[in-house]
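Take a look at the chain below. We will go from the overall layout to a few single residues.

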Amino acid sequence: MKTQPKILLGSLLISAIALSGCSQNRQMTKDERETEKNVVTGVAAIGGALLANAMGMDSTGGKILVGAISGVTARHIYDEVNRETADDPNTDVHPVEIGEQEFIRVQVKDVNFHSGSAQLDPYELQRLQPVLNALSRYPNTRVYVEGHTDSDGTHQYNQQLSENRAKTVAFYLMDNGISRDRIITYGYGEERPIASNNTAEGKRLNRRVTFLISEI
């Protein structure tokens, strides 16, 4: 995988953070918050896509690390999220190497968003709690939130839906105390399935949220 110039990565990172962050200002009016949501949904994917491409970030193609995890924080996150998701068979936790950088990848599969919607039921939000806990315990981390869909619907529809779903998860993290400048979101639509879209079970697995957690 090609190594990108550090200057390019730095500038893209700043752009992506600025575009993907959402205000935690509790004094915002409903209209102001809705406007911010619309702006975030509309433009943040551009920064996220540029950053992901610059880093060679393909979470489905990352190299799974076997053996010791080099980063102390990464090791703690890996152990703690694994322990807290032990009862959830549809959440996978792996250390991965992407673009020569180490991440803890958490795939929350079979996420039941409302049909054609980016809204989540309380139970589904509870499934994200282990990631929220890890981010709260380790403030020296950044998280990339990726939204994915199954193949039902048009490519354009699924792309927008995946971006909106990633935003929903990002707002959940921020509403629970995670700083806006630690979160970068991107939607991949139906482009990166992990199971066959020819079966109902495969489609359920492909409707997922992926977290990539790294040290800042």
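The protein chain holds 7 helices and 6 strands. Both are DSSP runs numbered from the N terminus: helices are H or I with at least four residues, strands are E with at least two. From the N terminus on, the order is α-α-β-α-β-β-α-α-β-α-β-α-β.

This is a predicted model, where local features need pLDDT of at least 70 and side-chain atom pairs count only at pLDDT 80 or more, while totals for chains, interfaces and linings use all residues. Residues are numbered from 1 along each chain as its sequence is written, and side-chain values use heavy atoms, with hydrogens and water left out.

Of the 216 residues in the protein chain, 50% are buried. Buried means under 20% relative accessible area, exposed over 50%, and partly exposed in between (1.4 Å probe, protein chains only).

Now pick out Ser162. It sits in helix α6 (residues 155-175). Ser162 counts as buried because its relative accessibility is 0%. Beyond its neighbours within four places in sequence, Ser162 has contacts (heavy atoms within 4.5 Å) with Gly147, His148, Thr149, Gly187, Tyr188 and Gly189.

Next, the aromatic rings. The whole structure has 2 aromatic pairs. Rings of Phe, Tyr and Trp (its six-membered ring) pair if their centres lie within 6.5 Å; planes under 30 degrees apart count as stacked, over 60 as edge-to-face and the rest as tilted. Phe103 and Tyr144 pair edge-to-face, 5.9 Å centre to centre, with 70° between the planes. Phe103 lies in strand β3 (residues 101-108) and Tyr144 in strand β4 (residues 141-147), so this pair ties together parts 41 residues apart in sequence. Both Phe103 and Tyr144 are buried.

Tyr186 and Tyr188 also pair edge-to-face, at 4.6 Å centre to centre and 85° between the planes. Tyr186 and Tyr188 are both buried.
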